[in-house]
Amino acid sequence: SDLSPAILWISGWNVAALVIELICIARIHSLIPVLAAPIHPQQSGDNDNDIDDVDDSDSDTALESEYLTNTTPEPGSNEEAASASTSASTSSKHGSNVSNNKALVAGAPECNLAKQKEGASTSTSSTASTSVLSSIKLYLRQGAATYGGIGLALLHLNTLTFSGLMTAYLIAQGMTLDKIGVLRGVSNAVGLLGTLAYRSSTEMCGWSLEFTGFWSIVWEITCLSISASSVFFGDSTALLVAGVLPSRLGLWVFDIAIVQMMQEQVPVDIRGRVGGVQSSMECMFGFFPFCLGLMFSKPEQYSVFVWTGYTAVAIAAFVYSCGVYLPFREEEMAGLGRFRVELVPMTDLEDQSESTPCPPSPTSPTPTTTLLPSK
């Protein structure tokens with residue numbers, strides 16, 4: 001069949017999407033002028049070089065002192081009883097020792113420089129590994145954003161989407177390409193509705209960001225339960241598709257919620273390093289299903305992908321619930337979330353009541369608890 005119309009359609013669609021994306025980016029920069037301001041971070045590389053130079057000079061000075069200490073004669077009782085002739089010969093020997101010391105000290109920096117050149121490659125690799133480890137440790141110290149990011153990365157293990165693996169399986173089950181194309185279009189439309197659902201959840205309903213992420217991941221795991229049940233009904237494609245289509249709504253909402261959480265909770269000066277670790281984790285988990293495809297390539301083995309994806313989403317829901325939502329809920333119940341508890345002495349209430357016609361409050365010094373909206 002002729003694929004020219006499809007190629008032209010996809011090319012035109014990508015060009016149109018690029019124009020729209022550029023217009024949206026320009027609009028955002030016009031609304032937020034601070035984004036156009038250049039950021040001049042501290043040149044950490046220069047500082048590291050300066051530190052290395054200081055360390056080298058200190059090591060050379062220490063080496064010089066070591067040579068002088070080892071070669072300088074220690075004072076003793078024999079020096080006090082030395083004769084004039086013996087002192088003369090000692091002076092000549094001491095002069096030769098000094099000259100030898102200078103030669104040794106002069107060669108010490110060269111020896112140190114040679115050692116540094118020999119270990120240059122080793123230090124470079126160790127510096128790179130240290131940087132990776134420090135970035136991972138920094139990522140793990142971001143509290144709720146860390147748990148949310150891990151949950152989002154785990155979702156990349158899920159193959160219960162209209163990706164290449166699931167498309168190949170549906171074709172093997174006898175589904176036509178036209179029907180698969182329509183289903184993929186519906187799936188993308190449901191995903192786009194997730195943007196509206198996120199806005200409705202956070203703005204119209206006034207729900208918190210943590211709760212929005214919670215209900216979205218619960219929605220996804222509930223829908224994928226229908227897909228997972230297809231394994232018990234002879235690999236029914238109807239159940240598989242019926243669960244995958246609505247699950248896209250929860251996936252998109254959860255993705256937006258986690259990205260927004262990282263924007264709000266991760267400091268701006270380390271946001272790039274944290275985001276780099278997050279992207280690396282997502283790529284690593286996204287690569288794993290293709291490795292499974294090499295090991296389980298037969299259509300009758302697709303149940304492995306079903307259970308792998310379903311388990312990954314379940315673990316993501318568990319990590320997010322225990323690491324983000326439940327701690328947030330506990331703080332909210334304790335008065336640290338939407339409301340904060342303050343102990344206001346009765347004397348302060350009496351001072352406020354003097355300017356009002358209300359009856360005077362009791363003079364008991366017992367404090368009262370009031371609920372004030374959080375800042």
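In helix H11 (271-295), nine positions are named as buried: Val274, Val277, Gln278, Met281, Glu282, Phe285, Pro289, Leu292 and Gly293. Buried here means under 20% relative accessible area, exposed over 50%, and partly exposed in between (1.4 Å probe, protein chains only). An α-helix has 3.6 residues a turn, so residues three or four places apart point the same way. The 25 residues of H11 should span 36 Å at 1.5 Å a residue, and the end C-alpha atoms lie 37 Å apart, which agrees. The expected span is 1.5 Å times one less than the number of residues in the helix.

The model is predicted: local features need pLDDT of at least 70, side-chain atom pairs count only at pLDDT 80 or more, and totals for chains, interfaces and linings use all residues. Residues are numbered from 1 along each chain as its sequence is written, and side-chain values use heavy atoms, with hydrogens and water left out.

The chain holds 13 helices and two strands. Helices (H or I, at least four residues) and strands (E, at least two) are DSSP runs, numbered from the N terminus. Of the 375 residues, 26% are buried. Among contacts with a separation of 6 or more, 76% join residues 24 or more positions apart. Contact means heavy atoms within 4.5 Å.

Helix H6 (144-154) is mostly covered, with eight of its eleven residues buried. These are Ala145, Thr146, Gly148, Gly149, Gly151, Leu152, Ala153 and Leu154. The loop between H6 and helix H7 (164-172) carries Asn158. Asn158 is buried, at 9% relative accessible area. A polar atom of its side chain lies 2.9 Å from the backbone nitrogen of Leu160. Such a polar contact is a pair of N or O atoms within 3.5 Å; within protein, one must be able to donate a hydrogen and the other to accept it, and residues adjacent in sequence count only if both atoms are side-chain atoms. Beyond four places in sequence, Asn158 contacts Glu220, Leu224, Gly309 and Val313.

Asn158 also belongs to the largest pocket. Its lining has 17 residues, and those nearest the centre are Leu155, His156, Asn158, Thr161 and Leu251. H7, helix H10 (237-265) and H11 each give two or more residues to this lining. The pocket volume is about 320 Å³. By class, the lining has seven nonpolar, seven polar and three charged residues. Ala, Val, Leu, Ile, Met, Phe, Trp, Tyr, Cys and Pro count as nonpolar, Asp, Glu, Lys and Arg as charged, and the others, Gly among them, as polar.

One cavity of 30 Å³ or more is present. On a 1 Å grid over the protein atoms alone, a cavity is a set of points where a 1.4 Å probe fits but cannot get out, and a pocket is an open set with protein on both sides within 12 Å along at least five of seven lines; lining residues have an atom within 4 Å of a point. Grid points are joined across faces, edges and corners, and a volume is the space filled by probe spheres set on the points.

Two threonines were also examined. Thr167, in H7, is buried at 13% relative accessibility. Its side chain reaches the backbone oxygen of Ser163 at 2.7 Å. Thr237, in H10, is partly exposed at 23%. Thr237 and Leu170 are 67 residues apart in sequence but 7.2 Å apart in space, C-alpha to C-alpha.
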